[in-house]
Each structure stands twice: as structure tokens, then as C-alpha cells.
2 protein chains.
Amino acid sequence: MARKLSRNTFIMDNPPTISSYAAIAGKMESQGPMGSYFDETEEDGYFGQKTWEKGESELQKRTLAKALEKGGLKAENIDYMFAGDLLNQCIGSTYGLRDFNIPLFGIYGACSTMSEGLALASLMTDSGIGGHIAAITSSHFCSAERQFRFPLSYGGVRTPTAQWTCTASGAVIVSPKSEAPFVRACTVGKIVDLGVTDANNMGAAMAPAAAYVIKTFLDDTSMEPSDFDAIITGDLGLVGSELLIELLRMEGVDISRQHKDCGLMMFDRDNQDVHAGGSGCGCSGSILCGYFLDKVKSGELNNILFCATGALMSTTASQQGESIPSISHAVFISHECRFKENQN
Amino acid sequence: MARKLSRNTFIMDNPPTISSYAAIAGKMESQGPMGSYFDETEEDGYFGQKTWEKGESELQKRTLAKALEKGGLKAENIDYMFAGDLLNQCIGSTYGLRDFNIPLFGIYGACSTMSEGLALASLMTDSGIGGHIAAITSSHFCSAERQFRFPLSYGGVRTPTAQWTCTASGAVIVSPKSEAPFVRACTVGKIVDLGVTDANNMGAAMAPAAAYVIKTFLDDTSMEPSDFDAIITGDLGLVGSELLIELLRMEGVDISRQHKDCGLMMFDRDNQDVHAGGSGCGCSGSILCGYFLDKVKSGELNNILFCATGALMSTTASQQGESIPSISHAVFISHECRFKENQN
């Protein structure tokens with residue numbers, strides 16, 4: 001059973017295992033530095049469907065199916081799942097996952113969704129209330145662009161601080177097993193809103209939420225940045241990453257050596273026209289599941305702190321002059337299962 | 001710690017208490033049969049704000065504040081909360097709750113949100129990972145109407161099967177206490193989609209999801225409809241309620257004596273022009289928190305099964321010809337705490 005270290009930081013007494021995971025990404029993502037790490041990549045932006053939204057649902061469906069296949073599991077082996085995405089009313093998830101017949105807790109955390117789903121699945125597993133629990137998320141450049149910004153055919157010019165919503169999906173299956181990678185602790189994030197109103201600079205809006213959750217996690221667990229091989233944010237991009245390092249430095253925490261941002265890892269910014277980097281639920285979801293988890297499983301990386309970051313605004317809120325509230329949840333994933341050993 | 005009875009039905013070993021709760025509703029709801037049960041009602045559809053969306057956020061903020069006040073609690077006493085609503089990217093919740101500084105798990109279950117949040121808060125509390133946990137939801141006629149249907153000034157004519165989105169909010173605080181009302185068990189719902197495509201007949205779309213979760217709960221717990229004083233659905237309205245009774249009858253389950261639908265309870269359909277009844281996350285949320293929980297607390301009602309029901313489509317999905325996937329989660333709320341006694 002998970003143990004409360006503080007109001008919102010929990011240590012797993014029997015750290016659950018991420019027993020299977022999968023990542024699928026689109027064409028542009030396949031051409032970036034992460035391209036070779038995904039389980040599959042797809043040239044067709046429609047994923048064989050008639051619309052981009054249906055394509056995103058198909059992407060999410062294929063990703064969960066891949067995670068099941070890699071884990072030797074069938075849909076009926078999954079007790080329930082946590083899923084969400086960026087589309088209005090989370091239709092990427094609801095239409096993508098409806099045919100699996102798996103009980104669902106729908107979640108909404110914008111681009112923090114992979115952290116949120118993984119944290120919830122881990123807390124439930126550690127508490128004994130789930131055999132296998134899945135967590136899935138996705139994003140799609142075309143469906144996001146026309147929902148949040150402009151019709152793609154409009155050809156709007158993007159600002160230098162703008163980020164590129166990734167066409168990608170990640171799925172994890174959390175199980176009560178004893179093999180790496182283990183989920184050992186998590187901190188539930190809170191909404192942080194420092195008043196940034198520029199929807200073309202979401203990295204800056206999200207950096208304070210990431211700083212809060214990283215600082216809280218380190219304080220509550222008495223861990224240091226140097227205890228981690230990587231402290232991973234979701235999609236702060238170039239502007240937000242610099243701001244995060246600076247915000248934490250002001251609090252006496254230096255994560256500059258450990259920090260990795262999935263938004264910066266996804267693309268080759270010199271040769272791919274993505275401005276400040278990648279974004280979207282699927283950005284950190286696919287890089288966690290495609291790149292990091294294999295390295296933690298093998299032991300190449302020992303400890304990582306995964307903090308997907310989400311901007312919680314909508315176009316309606318932005319049009320009404322609102323600032324951008326943001327959130328990030330921290331999940332400590334490890335090759336080791338030390339807390340369990342302490343317990344024995 | 002919660003015990004698994006099946007893949008997706010859980011019994012609470014130490015049933016948590018809904019230690020405080022509050023409901024606030026709008027003008028039209030105040031004029032219906034439930035009007036006198038709400039903690040507060042508000043004549044101003046804007047709730048003192050400049051837009052309906054900001055009004056909905058203000059409504060949700062006031063409702064959580066009221067639940068805290070009634071429970072003698074401050075925001076810092078709440079470990080974390082589950083919240084969501086119908087607006088794109090759940091801005092009713094994110095903007096409404098950002099100033100409380102309470103860690104947040106954002107959820108999306110459309111009008112099933114109150115069941116989903118209450119189930120998750122109860123599972124976490126029973127597992128010892130939370131002191132006080134809140135669950136909140138809301139809906140607003142004007143913000144929903146212009147997002148999902150037409151600009152209000154257009155004056156679109158509504159079909160007879162259409163329902164009226166309630167301006168209302170409900171908030172619960174779940175705590176590890178030993179006083180009624182207790183949460184004793186829950187069943188996590190799954191997406192059910194029988195192919196209904198008429199977005200003006202969401203009761204019919206949602207009825208199969210409610211039938212699934214009620215049947216599963218009764219089967220898994222070996223309980224009978226007659227064990228309950230009320231089996232409550234969220235907002236099936238007139239059409240969906242009749243369909244639910246019929247669907248369950250075909251499965252050999254007769255809930256006709258116990259069934260109550262919040263969508264039918266909210267308005268006086270003879271004298272209020274709401275067609276097939278009320279709907280919206282806030283419909284079942286406010287009736288649970290305004291009407292039912294007091295009666296379970298006092299013992300006037302002993303056992304209720306609360307099954308808020310959600311339609312998981314979006315306007316984009318409907319425009320693309322998609323059917324309406326739906327979901328409902330069942331939560332067993334009781335004046336008694338029998339399972340704990342069994343355990344001792």
C-alpha cells in the first residue's frame with residue numbers, strides 16, 4: 001500500500017512494475033532523433049482513417065494494442081485503464097479505446113496526462129486494487145492545430161516561441177510484478193498560474209508547474225537531483241526549459257545536468273522547422289514509452305523522475321483574456337526496488 | 001484497503017465517509033422540485049462574472065468553498081481533488097479551482113464525472129492514501145448550449161427528446177471517518193456504444209452504459225434491486241429512463257420501483273419547458289449533494305446506488321457521423337457501514 005510522505009507525495013511500499021509499454025509516432029517524429037526508438041511509425045497522417053480526429057483515435061488504439069501484444073496480454077486481462085488526450089471531450093481516447101471493452105477512468109491533464117495516468121495506475125496497483133492497469137494518451141499535429149489554432153490550409157505563420165504538437169501516442173501497463181522498471185513514488189501536482197497569457201508560449205506557462213512539482217518531490221523524499229540520471233519534463237521546449245532551470249536555481253536546486261525535455265528531444269531543431277520544440281500529450285508519452293523505459297529496464301538508466309507538463313487552457317479561455325493555468329505530476333521510475341527491500 | 005470482487009467491482013474494507021458536501025444551482029433549477037434542497041441558488045446566470053464560462057468556474061469555486069465551510073475545513077486540509085466538467089479542456093474546473101492551491105487529478109467522464117470522482121476518491125481513501133479528498137463537477141446551460149449546440153441568440157428549436165443542461169454544481173469531501181454517509185463499494189464503468197447517433201437524444205445513448213454498470217454491480221456483489229432505496233441515474237431523462245428499465249428487464253433485472261433519474265427529478269416537466277428532462281455533470285452532482293446525501297446521512301434512505309451517466313462524444317465527432325459512446329460508474333452509498341463490521 002502506498003505511504004503518504006506529505007499531503008501529495010506517495011511512496012510505493014510494493015513498487016509496481018511497468019510490465020509493458022509501447023510508443024507509436026507519425027512521419028515527422030520518425031525523422032527526428034527519437035525516430036528509431038518507437039515501436040512503430042506511420043507515414044500516413046490519417047492512420048488509414050477519413051479524418052485526423054479518427055486518425056488520432058486509431059493511433060491510440062494501435063498503441064494500446066501494441067502494449068498488450070508486447071506484454072503477452074489480451075484486453076480482458078486489463079482490469080481498467082486511465083486515458084485522456086487534448087481533443088475536446090477527449091475523443092481521441094473515447095473513440096480510440098471503446099472497442100477494447102476495458103473499464104475506463106477518463107482523465108484530463110492536457111500534456112501532463114501520461115504522468116497523471118501512470119501515477120494513478122501505480123497508486124491503485126500498489127494499493128492492491130488492480131491486476132493489470134493501463135494508462136494511455138495521444139496527440140496529433142493536425143487535429144490539435146485545427147482545434148486550437150488555425151485550419152491547416154490557412155498556412156498561419158508561427159511565432160518563434162510556438163511549439164509543434166507531436167503526432168504520437170504512448171501506453172503503459174502497470175502490474176504487481178517484481179521486475180524493472182518500477183514505479184517507486186509520485187507527487188500529485190497542483191495548478192500553478194503565474195499569469196502568462198501567450199498561447200504561443202506554453203513552455204513559459206508550464207515551467208512554474210514543473211518547478212513546483214520537482215521541488216516538492218525532492219523536498220518530500222529528501223532526494224537530490226544527483227540521485228537521478230534524468231529529470232524529464234514533458235514539453236517545455238526551449239523557452240520553458242531555460243525558465244525551469246532558472247526558477248529552480250532561485251530555489252537552490254540545480255537540475256541543469258539531469259534535465260531532459262521531451263519537447264527538445266523529439267525533433268532536430270536545426271533541421272526540422274519546429275520552432276521551440278515538440279509538445280502534446282503524445283510527445284512525453286511516446287518518449288517515455290519509446291526511449292526511457294527500455295533504458296530503465298536494462299539498467300542503463302537507474303533512476304528517472306518523469307514530469308509530464310500540461311497547459312490547462314482552452315481557446316475559449318484564451319479568447320476571454322485568461323492566463324494559462326498549468327500542472328505537472330512527478331513519477332519516480334527506477335531500475336531498483338529499494339523501498340520494498342527497506343520494508344522487509 | 002479496497003477489495004476486488006471482480007475485474008472492476010471493489011468493496012471498501014473501511015468504508016470512507018462523505019464527510020461534507022454542497023450543491024449550488026441556477027435560477028431555473030431553483031424553480032424546480034429540487035429548488036429547496038440546494039445549499040445556495042443564484043439568480044444571475046453569470047454568477048457575477050463577465051462570461052458564462054467564467055460564471056461556471058465561479059459556480060464550481062463557490063460549491064467547493066461551501067463544502068469546505070460546511071465540513072469546517074480549509075483548502076489546505078484537502079490532500080488532493082478530482083474534478084472535471086463538460087467544457088472543452090475542462091476549463092470550468094481548471095479556472096474555477098486554481099486559486100485553492102489543492103493538488104489536482106483532472107478527470108473527464110462527461111456527465112458521469114461525479115460518480116467517477118467519488119469512486120476514485122473513495123478507493124484512494126479506503127487505501128489509506130488521502131486524508132480528505134474532494135471531488136467536484138459542474139455544468140452550465142449557457143456555456144454548454146453555445147459550445148455543443150447553437151449560439152443562444154440564434155433561438156434554435158429543440159427536439160422533444162432533447163434535454164436541458166443544468167446550471168448546477170456538486171462537491172463532496174471524502175474522509176476516513178466513521179459516520180454516515182459511507183461509500184461501501186463501486187463498479188468502474190466501461191464505454192458502451194450501441195450506435196445511437198442523435199445528439200439530441202443522449203438519454204437513449206447513455207441508457208445501455210447505465211444498464212451495464214447496474215447489472216455488473218448487482219451481479220458482482222450478489223445484491224438485488226430491493227436492497228436499495230434508490231438506484232439513481234444521472235441524466236437519462238424520460239426517453240433514456242424508459243429504455244434503461246426495459247434493457248435491464250430483458251436481462252431479468254427489475255429496477256422499476258427503485259429507479260430515480262436526476263434528469264427527471266430536477267425540473268417540473270409539466271410547467272418547465274425542458275423537453276425530456278435535465279442533463280449535465282451538475283445535474284446528478286447537485287442532486288446527489290443537495291438531496292440524496294442528507295437523506296442517507298439521516299437514515300431516511302439506507303442504501304442508494306449512484307450511477308451518474310456520461311455521453312462521451314464531441315461536436316467534432318458528431319459532425320463526422322460518429323455514434324455516441326457512453327459510460328456510467330456505480331457507487332454504493334449507505335447509512336450503514338456493514339462491511340467494516342464483518343471485517344472485525
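Me: Which residue just after α2(B) takes a positive phi?
Reply: In this predicted model, local features need pLDDT of at least 70 and side-chain atom pairs count only at pLDDT 80 or more, while totals for chains, interfaces and linings use all residues. Residues are numbered from 1 along each chain as its sequence is written, and chains are lettered from A and ligands numbered from 1 in the order in which they are written. Helices (H or I, at least four residues) and strands (E, at least two) are DSSP runs, numbered from the N terminus. The residue just after α2(B), with a phi of about 65°, is B:Gly72.

Me: What distance does helix α2 of chain B reach from its first C-alpha to its last?
Reply: This helix covers residues 52-70, which is 19 residues.

Me: How many of the 19 residues of α2(B) are buried?
Reply: A residue is buried if 20 or more other C-beta atoms lie within 10 Å of its own, exposed if 12 or fewer, and partly exposed in between, with C-beta atoms placed from the backbone. The helix is largely enclosed by the rest of the structure because its buried residues number 16.

Me: Is A:Ala110 buried or exposed?
Reply: A:Ala110 lies in the loop between β6 (104-106) and α4 (113-126) of chain A. Its phi is positive, about 50°, although it is not a glycine. With 33 other C-beta atoms within 10 Å, A:Ala110 is buried.

Technical notes
The expected span of a helix is 1.5 Å times one less than its number of residues.
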